[in-house]
There are 4 protein chains.
Amino acid sequence: MSTGYFGDIKPVRYEGPDSTNPLAYRHYNADEVVLGKRLEDHLRFAVAYWHTFAWPGGDPFGGQTFERPWFGETMENAKLKADVAFELFSLLGVPYYCFHDADVRPEGATFAESAKRLDEIADYFEGKMAKTGVKLLWGTANLFSNRRFMAGAATNPDPDVFAYAAATVKHCMDVTKRLKGENYVLWGGREGYETLLNTDMGRELDQLGRFLNLVVDYKHRSGFTGTILIEPKPQEPTKHQYDYDVATVYGFLKKYGLENEVKVNIEQGHAILAGHSFEHELATANALGIFGSIDMNRNDYQSGWDTDQFPNNVPEMALAYYQVLAGGGFKSGGTNFDAKLRRQSLDPEDLLVAHVGGMDACARGLKAAAKMIEDKALSAPLDARYAGWNSAEAKAMLAGERSLEQIAARVVADGIEPQPKSGRQEYLENVVNRYV
Amino acid sequence: MSTGYFGDIKPVRYEGPDSTNPLAYRHYNADEVVLGKRLEDHLRFAVAYWHTFAWPGGDPFGGQTFERPWFGETMENAKLKADVAFELFSLLGVPYYCFHDADVRPEGATFAESAKRLDEIADYFEGKMAKTGVKLLWGTANLFSNRRFMAGAATNPDPDVFAYAAATVKHCMDVTKRLKGENYVLWGGREGYETLLNTDMGRELDQLGRFLNLVVDYKHRSGFTGTILIEPKPQEPTKHQYDYDVATVYGFLKKYGLENEVKVNIEQGHAILAGHSFEHELATANALGIFGSIDMNRNDYQSGWDTDQFPNNVPEMALAYYQVLAGGGFKSGGTNFDAKLRRQSLDPEDLLVAHVGGMDACARGLKAAAKMIEDKALSAPLDARYAGWNSAEAKAMLAGERSLEQIAARVVADGIEPQPKSGRQEYLENVVNRYV
Amino acid sequence: MSTGYFGDIKPVRYEGPDSTNPLAYRHYNADEVVLGKRLEDHLRFAVAYWHTFAWPGGDPFGGQTFERPWFGETMENAKLKADVAFELFSLLGVPYYCFHDADVRPEGATFAESAKRLDEIADYFEGKMAKTGVKLLWGTANLFSNRRFMAGAATNPDPDVFAYAAATVKHCMDVTKRLKGENYVLWGGREGYETLLNTDMGRELDQLGRFLNLVVDYKHRSGFTGTILIEPKPQEPTKHQYDYDVATVYGFLKKYGLENEVKVNIEQGHAILAGHSFEHELATANALGIFGSIDMNRNDYQSGWDTDQFPNNVPEMALAYYQVLAGGGFKSGGTNFDAKLRRQSLDPEDLLVAHVGGMDACARGLKAAAKMIEDKALSAPLDARYAGWNSAEAKAMLAGERSLEQIAARVVADGIEPQPKSGRQEYLENVVNRYV
Amino acid sequence: MSTGYFGDIKPVRYEGPDSTNPLAYRHYNADEVVLGKRLEDHLRFAVAYWHTFAWPGGDPFGGQTFERPWFGETMENAKLKADVAFELFSLLGVPYYCFHDADVRPEGATFAESAKRLDEIADYFEGKMAKTGVKLLWGTANLFSNRRFMAGAATNPDPDVFAYAAATVKHCMDVTKRLKGENYVLWGGREGYETLLNTDMGRELDQLGRFLNLVVDYKHRSGFTGTILIEPKPQEPTKHQYDYDVATVYGFLKKYGLENEVKVNIEQGHAILAGHSFEHELATANALGIFGSIDMNRNDYQSGWDTDQFPNNVPEMALAYYQVLAGGGFKSGGTNFDAKLRRQSLDPEDLLVAHVGGMDACARGLKAAAKMIEDKALSAPLDARYAGWNSAEAKAMLAGERSLEQIAARVVADGIEPQPKSGRQEYLENVVNRYV
């Protein structure tokens, strides 16, 4: 019944750190319990449909390198693609997948036809999900590839595009709800500008605020219980995107009254493009109360575009999962591999190998982070560093019970001349290196 | 009565575009009327005390290159510096200056002594201001150079540093008020982190929010009528600064209830370091209603630190002033040259030449921007581009009078399939080139 | 006989700086004489076939936006494309064009078929060139788009790809020679690596050195009298390209004995991606004696990929042409617009408008540069700055007539303690601003 | 006899990976044998005098944070600094150190006095080296901090500065020779430009070429047997430095006939600033035959200046040492920590902790690299990838025994249509992750 695409490859098993089998897990043992929870339940891995099954391997200077039997815009191919996809999910043993409407079916000649095709594929997915037990982490709509969206979806100068995008999102939310998706994601790849010369930024932000409010209202009315997520990215494809980074998204949510309704899906590569580390974006989301989910890939620090590579630097990943765990771990979110093979990785086996390596690296990272938390390796020094704020006077200051004049008077009266203390950065870096 | 520092240089005059006199204005004619206002009143130029008079010319790999007679930490030198400063202001004919406490007097052994010295210099300034007519655009406190602030001022793990910083700001606000400063600026050069490993971001943001609320409360209580300004910068000196960019500052102000109290002082170089164009930051501030003032310098796009060069690229400056004018122009803010001479520019004349060139470039930029506004060169195409949103149905959508379902139903019922229209970026760029 | 693609647009004429006609030149008057030469002969403009006629408007997150009647891989379309191309050349009045094999004809099923099709199009071009007088600035082969080149052309691990690339270049050189091309360009978009893990850099450099030697040998044997040009670029599409920048190419040429045979075609956008200014790369090529030609476009300084925009910042362009003129001006090279429309610029008129704006900006830049040269505006201060090296002792040092010991002895004996002099950067920047 | 600066800290010992003692090595066991050599002899660690003992903790926005008892420009302090330095070397058990003239003694009023002071300190060092067994990896002259060098040393417009720099280098080479230094390094921090507007690049390159030839000639004449090393860096402190990166230095050496005389000292942070990975620069130096030594620190990928942090990312370091070992390992070179404490790391213990962590990370990296080499983990797939080049015809092509025409004819005759093969990047990345 198999498509045969992956030949006679057997399901990937955990074989322990000494294994040299490229198709075995060395670190990811789904049932291993860490901080009282199974690794699978901590990491909540998802495979991304688009890069893994729909991406042809092109880049700005070259065309398709991958030759997949399911390429070609027919419903038959769409089903073959689904067959192979669920085979890959099962071989890997991942609990989740994620998709855009555009990845799973060919676009129709009209909105109605496109919708009908998506419904048909959703039926097909339902059957496969029931059979394999694989679940939907999140669904989303592609509002950036088609030329109709070239000047934005919600932020388009043409209100018909706004309407078209709204209808598309409504339908994708319906499908996501039907497939019991645990989240619904919005990525505003074209919500921004190419040039300020033809852009009314204030108006476009208002359009985007209205759009998101429509989505949130519909969520509640429709009974969808998943989380609405925004995925920040600073630029590419546009010169500037309004959902630049976590802090920017927070300000936007506050402006339009949505900070309690919407959370963020943070991608490592997008963090890097915004000039931040991944753990910075995660820590920011924790501090602002809007952390939702992650896209776990890796960006080349020295390439200025979104390289979407499979993650492999364990020390960096440990710091990222440290923030995830420090914030309480995933609720509805998970670890989605929004990563694409390098375009020279032509073989079916490469698809598996890449995910196996990424999952193993995540498992190593998460286990290291969990151990640091158990040992209070970082939190104990942190508490000590801020201990001065536990005094009554400091608490009063922070609580707003002292005025600027009162504080100033105390500085003079007490002759306060603060002396700096070591920040111990290298010591803490060495501590982390004990765990990774 | 002159210090003689600038030799026998005469006040810089407007000589028109054909002048080749390096100490004449070719474009800045203070009394020229543009859009119904004198250029001087549009541009509101200010000289920055720190870079211009206090900076020794060092860089991370080299020490002092400038030899100024007033260098050396005595009150006598501080007064000589003031003498030369007001000579330069008068030679240039600028209406404003700006200062930090640390620039104008040597720090004392205690807080009280430092404050006393600042008061003494403020007296001295008052006399000079009265005599020359030069005004104070803004005052500020240096909460980043002294080692006590190495781990932050308001965001320090030590509450005594918070208190010390609070006392410092109170005193600087008092001095600014006395000198009739039109704004008070906070730059959080150390409000951020070097490493997340030793940082509690949520707590530090709360500290910063409290600090700013204290400042705003005091402003109102003390009768200071100037504007409180935050100056965004993404990093340097710290790895990350909380006031990253305009959008981040907006979210911060919203979180702490300050969005109607505080505005932004935007620096070109800081915009660049945050990955934005200057006009982007200005447009964002306009869209969010928090535009205040500008630091007009220039950053090398290819150097990853704050190069603080005098501005000279007129086409870029025209786009920046276009945003300033489109937002209604400066209210309490102005054009401050937060620029330093290149460290090889050793001569007294270089100080004048740099400001003359910068002011001339600003004047060219502003005049080009004003003409574009008069001609509706950009605004007419902009209005045409968004004209679709003037329809009743589009307005209803934007006003929240339609639900997602209603919009989706209309898309299907009307068979909406939007067709993209040219964004005409090159045409608009050519239009701009007619003006610059 | 016109294709009608550009409607009833008339040839673009020079109308002078006050014109507001978007399809007139305001600064480019082909016959205007500057430094003893016509502007046309200084600038030697060329239109690039690929971006202008073959690019569909896609980006990494979106597909085709342009709808050109000639899209579709047939020879008939290839000829229609040629018809429109020569119409555009004539409307603009440019003297030159440039092409890749892949732009001008659909690839065949075999090497031989591809070659035959190129020959057929070359015949077609010959006729059009004769009729219009438009000439070929350079030809080149596309050794990067097809998947066979995904791991390099000359630097491929598979020697058959090397051979295929060699055969391709030979044929393109033959066609270029037949069409009287004045240069032949090699761009090594895939000559580099994606990851060092699978790369033998030393071996690949040797392959590339051999390839270039084969090309140079064939040039001489075949009687092609044009210049062989390498186009440096640091990365994109690959992680690293061996022809990183001008200085790297120089070292490569020296290593393989080609420094007197090959010159560089420098692109503004590639310079930026390598961390250099355009004028830096031009000055470096002048200093090393390998300057050849330019691709005049513009890269967004804040986007980390090759944005290939039409140029519009006149002050920057003036500095670039200053270097071109300072090095003696173009010999066989010229100003090629390797620029693409923004993908939202959908209309035929946008193609014309973009070139008109770019050509006008070039003309302004070149005229400003020429005036600076006439006035010795920069060269006179430069000579003064280095005047100390005209002394006999300094000349002897530089000529190698003094040993380290002799120089050291003189320093001690004469008590040499050099005093720095102002570098006058702001003064010089102001001088430039008098011209732009 | 100890200065007491480090309190009662005992020499740092190897305690194995399970140790949690922050002042023990967990991975660096000097006597462990790897690939037939002791770790100490592989790594050849050196402590840098400047950052470790002379840096006050300032940054562009803040002054001194460190309070060292030896700060202050007297010879007495210089000797106290030396006492503490050799204590640190001994506590760490490093075999080497490195210094600049400016780090070890205060500058005198004249060249002669400065030289005399350096000689005096060299005497003092000689005694300490004899007693402790610590050796000199390299010496160098600081030709960038003093204002006399602000416009360059060898490339200064003033020939007296060239002479002064030459005299300085001669003397530092003499001292290095006397102290049996194994290398002499030149870092051209000011050999470049701030602005092209006042720079004659061709002339300055000639000056630099002459200078380096003088140095090489003197080396041979004086009997100094160490290696002359150039340390590439792209920019900072200057806008552009001529020794931009390894490939640029190679071209420079070829131009001035020095490619067999001079090698490179590669710093991780400088590689990053040039847009390269560290392993790229190492691989390039291997490919070009000019590898010499390394400065092992770490740059923040997201800060655009030289952050000079202690290294801690083991996977990256493993790839760097893989290149070192693949090129045959260090000859005269070694692993110098050109790293500075974060400026908040105030305590004496921080100095030790930082080096301990860095050395441990290096040891882990090198051991992982050695194991990959033993296992042919990367070299076996590499050989397989290029195996096609072992055919007779491929060898003939590479050797220049086939012309372009012959190769082209064979492509047509044999109907060569190459098929791409998987580059297996993710597989190889996973392989590396087995070792790190």
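**Domains.** I started with chain A: the C-alpha centres of its domain 1 and domain 2 lie 40 Å apart. The assignment, automatic or from a database, puts domain 1 at 33-374 and domain 2 at 379-435.

**Ground rules.** I am working on a predicted model, where local features need pLDDT of at least 70, side-chain atom pairs count only at pLDDT 80 or more, and totals for chains, interfaces and linings use all residues. Residues are numbered from 1 along each chain as its sequence is written, while chains are lettered from A and ligands numbered from 1 in the order in which they are written.

**Confidence.** I looked up pLDDT (the predictor's confidence in each residue, from 0 to 100) for chain A: the average is 98, and 100% of the residues score at least 70. For the model I noted ipTM 0.98 and pTM 0.98.

**A on D.** I superposed copies by least squares on the C-alpha atoms of residues with pLDDT of at least 70 in both. Chain A goes onto chain D by a rotation of 180° with 0.0 Å of shift along the axis, RMSD 0.0 Å. That is how a two-fold axis relates copies. In chain A, A:Y301 has the C-alpha nearest this axis, 3.2 Å from it.

**B on A.** Here too I found a rotation of 180° with 0.0 Å of shift along its axis, and RMSD 0.0 Å. The C-alpha of chain B nearest that axis belongs to B:G251, at 1.8 Å.

I then checked the contact (C-beta atoms, placed from the backbone, within 7 Å). Chain B gives 84 residues and chain A gives 84 residues. Helix α7 (residues 201-222) of chain B supplies the largest share of its side, 12 residues; helices here are DSSP runs of H or I, at least four residues, numbered from the N terminus. 100% of the interface residues of chain B are also interface residues in chain A, so the copies meet through the same surface.

**Helix α15 of chain D.** Which residues of α15 (residues 404-414) are buried? I get D:L404, D:I407, D:A408 and D:V411, taking buried as 20 or more other C-beta atoms within 10 Å of a residue's own and exposed as 12 or fewer, with C-beta atoms placed from the backbone.

What covers the buried residues? The cover includes α5 (111-132), α6 (159-178) and α7 (201-222) of chain C, together with α14 (392-398) of chain D. Just after the helix, D:G415 has a positive phi of about 55°.

Notes. Two residues are in contact if their C-beta atoms, placed from the backbone, lie within 7 Å. Helices (H or I, at least four residues) and strands (E, at least two) are DSSP runs, numbered from the N terminus.
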